[in-house]
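I opened this entry to record what I looked up in the model. My notes follow the order in which I checked things.

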Amino acid sequence: MARFPRSGCTARTTLHLVGPQSWTAVPAALVYDSTDPFAVRIRFGDGGDDPADALADALAEELPGSDLVDGGLLDADLAHEDLLDEAEDDGVEWLLSRDLLRAGLSTPAGDGDVRLWPARGGLDVLFLQLRAPSGEALFELSASVVGDFLRESELLVPVGTESDATSVDEELSELLRGGTDNPTAL
């Protein structure tokens with residue numbers, strides 16, 4: 001198994017929530033961890049506020065005077081359950097495929113909950129659409145920030161070597177030995 005010396009990289013950025021009248025800035029971070037080599041996480045928030053509240057506030061600010069919940073624009077649990085996942089450190093994050101993020105830089109990519117596509121005309125804009133049964137959000141972010149972030153992640157785990165960075169055999173052996181992570185152990 002290949003060993004990767006550094007465990008990850010992070011790029012802080014600002015996503016812009018696209019609304020009917022204007023854009024609302026939403027602080028976020030792209031996070032890559034070589035122990036989960038196929039995945040990229042997008043963590044919302046600036047670290048000071050509850051990221052779920054920050055995103056809900058941004059949505060509310062974008063649609064002033066509307067009742068997001070009663071008006072059917074946003075489910076009451078959207079910010080904490082359906083559209084967003086809670087990270088272990090109480091941050092809000094979405095999990096994306098690194099391949100999906102890479103593909104979205106040059107062509108429309110994704111089905112279902114996550115879709116990405118580049119802006120026309122050579123602009124430094126990547127559109128990110130996050131969808132759930134209770135609602136959706138469309139963001140703009142810098143394609144160059146995403147490209148730089150992906151290049152940094154590929155220095156850690158080159159494309160095509162992701163399987164070398166996983167420890168499936170070790171985890172399977174632990175489960176078969178009856179380790180503490182065994183879900184069938186009583």
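I counted five helices and eight strands in the protein chain. Helices (H or I, at least four residues) and strands (E, at least two) are DSSP runs, numbered from the N terminus. Along the sequence I read the pattern β-β-β-α-α-β-β-α-β-β-β-α-α.

Basis of the numbers. This is a predicted model, in which local features need pLDDT of at least 70 and side-chain atom pairs count only at pLDDT 80 or more, while totals for chains, interfaces and linings use all residues. Residues are numbered from 1 along each chain as its sequence is written, and side-chain values use heavy atoms, with hydrogens and water left out.

Confidence. I looked up pLDDT (the predictor's confidence in each residue, from 0 to 100). The mean for the protein chain is 75, and 62% of its residues reach 70 or more. Residues 1–5 are below 50, and this stretch has 13 contacts in the model beyond near neighbours in sequence; contact means heavy atoms within 4.5 Å. Residues 61–88 also stay under 50, with 58 contacts beyond four places in sequence. Helix H2 (residues 78–82) has the lowest confidence, at a mean of 37, and strand E6 (residues 114–118) the highest, at 96. Where pLDDT is low, the predicted coordinates should not be read in detail.

Burial. Of 186 residues, 40% count as buried, which means under 20% relative accessible area (1.4 Å probe, protein chains only).

Helix H4. Its 14 residues should span 20 Å at 1.5 Å a residue, and the end C-alpha atoms are 20 Å apart, so the two agree; the expected span is 1.5 Å times one less than the number of residues. Buried residues in H4 include Ala-143, Val-146, Phe-149 and Leu-150. Their cover includes strand E1 (8–18), helix H3 (98–104) and strand E7 (126–132).

Ser-142. I found Ser-142 in the loop between strand E8 (135–141) and H4. Is Ser-142 buried or exposed? Ser-142 counts as buried because its relative accessibility is 16%. Its side chain makes a polar contact of 2.8 Å with that of Asp-124; such a contact is a pair of N or O atoms within 3.5 Å, where within protein one must be able to donate a hydrogen and the other to accept it, and residues adjacent in sequence count only if both atoms are side-chain atoms. A polar atom of the Ser-142 side chain also lies 3.2 Å from the backbone nitrogen of Val-145.

Key
Buried means under 20% relative accessible area, exposed over 50%, partly exposed in between (1.4 Å probe, protein chains only).
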